[in-house]
Amino acid sequence: MAPLFLPFFLLFSLVSSGLSHESKSAFVSFQLNTVPVAYRRNFSSSLHASLVAAKTQKPGAKAGQPLPHKTPFKYSMALTVSLPVGTPPQTQEMVLDTGSQLSWIQCHQKSPKRPPPSTTFDPSLSSTFSAVPCNHPVCKPRIPDYTLPTSCDQNRLCHYSYFYADGTLAEGNLVREKLTFSNSQSSPPVILGCAAASSDNKGILGMNLGRLSFPSQAKLSKFSYCVPVRTVAGSGTGPFPTGSFVLGENPNSAGFQYVNLITFPQGQTMPNLDPLAFTVPMLGIRIGKKKLDIPPSAFRPDAGGSGQTMIDSGSEFTYLVDEAYSKVREEVVRLVGPKLKKGYTYGNGVADMCFDSKVAGVIGRLIGGMAFEFGNGVEITVPNERVLAEVEGGVHCLAIGMSNMMGAASNIIGNFHQQNMWVEFDLVNRRVGFGRAADCSRS
């Protein structure tokens, strides 16, 4: 499992050139995420039989009306939503991740050595399930923004393998299935992964700008979520607070403030750029009332793509490039340096502004809150009581890490700094909206 502050599956792809998202730019926002290692494992015979039998989609329920749909999610270090997959629907736990493209569900078979996750999907029970054959276009590396490592298995079905940088594994077959919310609401059939082997017990709901992301395949015009205030450490066992996830129009959007996305030409292949991420124009950072002396260039992609700033629901902490991180740390040291936990780093050195929990409240008041400034006058403000995140027994850290320590050259605004606000992704108008919520657990 990835360190608690990293993107849930470390959704960044390590491509040969460095970092980039799911295209040659990659899986989570850039390439720290998935290292397509040629890891193979055979399906069990019973699951193979189900997939082979499903090469041709079975007759099933007619497609329902278009979304919108509102559903809750649980928030710990990730946003975990339970979605109704198949016909009739089977509940699948998936991590809502705006930094990745491929959605996948758990399709493990039981084995004497290791029981499958509790929400394993059974293809044989769904009338709308079909497997993707090897000759399907998605199984061939022809799509410029989707470098999914695929191969052809012994049954001529499309097999995929992902080995994430944090050691997380996901591999299985590509399939087509729909989400059935009710008799009158369902998505069109979408291509997703049916994982026969994985290192975690949840799937992924890929929500970036890629053509095979869930929003693209489901033809959503927009989606939004409201992250509740976290009441326990990321490593805690709960109970976790509940937020809201909206597919389609959000009735609260009249009060949102929008910032236009920075978009890139299709097929853009700068080595450190993820052209499928939700990239926004960040202008600066304030600590307390002080605007830090960080050049705007630190937040904009340069000729190689370094400096990109993205909104990522799959990352817990916020990560900054060296030029920005050093200025944040310099100000924190000026304000509360003597109280830093000496010699302590969190997550293999990614975060080093940490304190004993007994002084956390004092630290927040001394720092005085933070703000991330974007174009069009839009800001994400962080009150002083949420400047620090509880990371493990007796330790709190500033919820900001060094992206270079993950091999990344990007700025990532993680979900910790999205608490108690609506974040809307308007795909038609290519913009992101932010709206303050009184209490996301009640929205």
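The buried residues of helix H3 are Ala324, Tyr325, Val328, Glu331, Val332 and Val336, where buried means under 20% relative accessible area, exposed over 50% and partly exposed in between, with a 1.4 Å probe and protein chains only. Viewed along the axis of H3, these buried residues fall within an arc of 130 degrees, so they line one face of the helix; the arc is that of the directions from the helix axis to the C-beta atoms. On the other side of H3, Glu330 and Arg334 are exposed. H3 comprises 15 residues, 322–336, and reaches 20 Å from its first C-alpha to its last, close to the 21 Å expected at 1.5 Å a residue, the expected span being 1.5 Å times one less than the number of residues.

This is a predicted model, in which local features need pLDDT of at least 70 and side-chain atom pairs count only at pLDDT 80 or more, whereas totals for chains, interfaces and linings use all residues. Residues are numbered from 1 along each chain as its sequence is written, and side-chain values use heavy atoms, with hydrogens and water left out. Helices (H or I, at least four residues) and strands (E, at least two) are DSSP runs numbered from the N terminus.

In helix H4 (residues 360–367), the buried residues are Ala360, Ile363, Gly364 and Ile367. They cover an arc of only 100 degrees around the axis, which puts them on the same side of H4. The elements that cover these buried residues include strand E17 (282–287), H3, E21, E24 and strand E25 (395–398), contact meaning heavy atoms within 4.5 Å. Gly368, which follows H4, has a positive phi near 85 degrees.

Arg386 lies in the loop between strand E23 (379–382) and strand E24 (388–392). Arg386 is buried yet has no salt bridge, and the nearest side chain of opposite charge, Glu385, is 4.9 Å away. A salt bridge requires a side-chain nitrogen of Lys or Arg within 4 Å of a carboxyl oxygen of Asp or Glu; Lys and Arg count as positive and Asp and Glu as negative, while His and the chain ends are not counted. Leaving aside neighbours within four places in sequence, Arg386 is in contact with Val229, Phe416, Gln419, Asn420 and Arg436.

Asn348 is placed in the loop between H3 and strand E21 (354–356), and Arg430 in the loop between strand E28 (421–426) and strand E29 (431–436).
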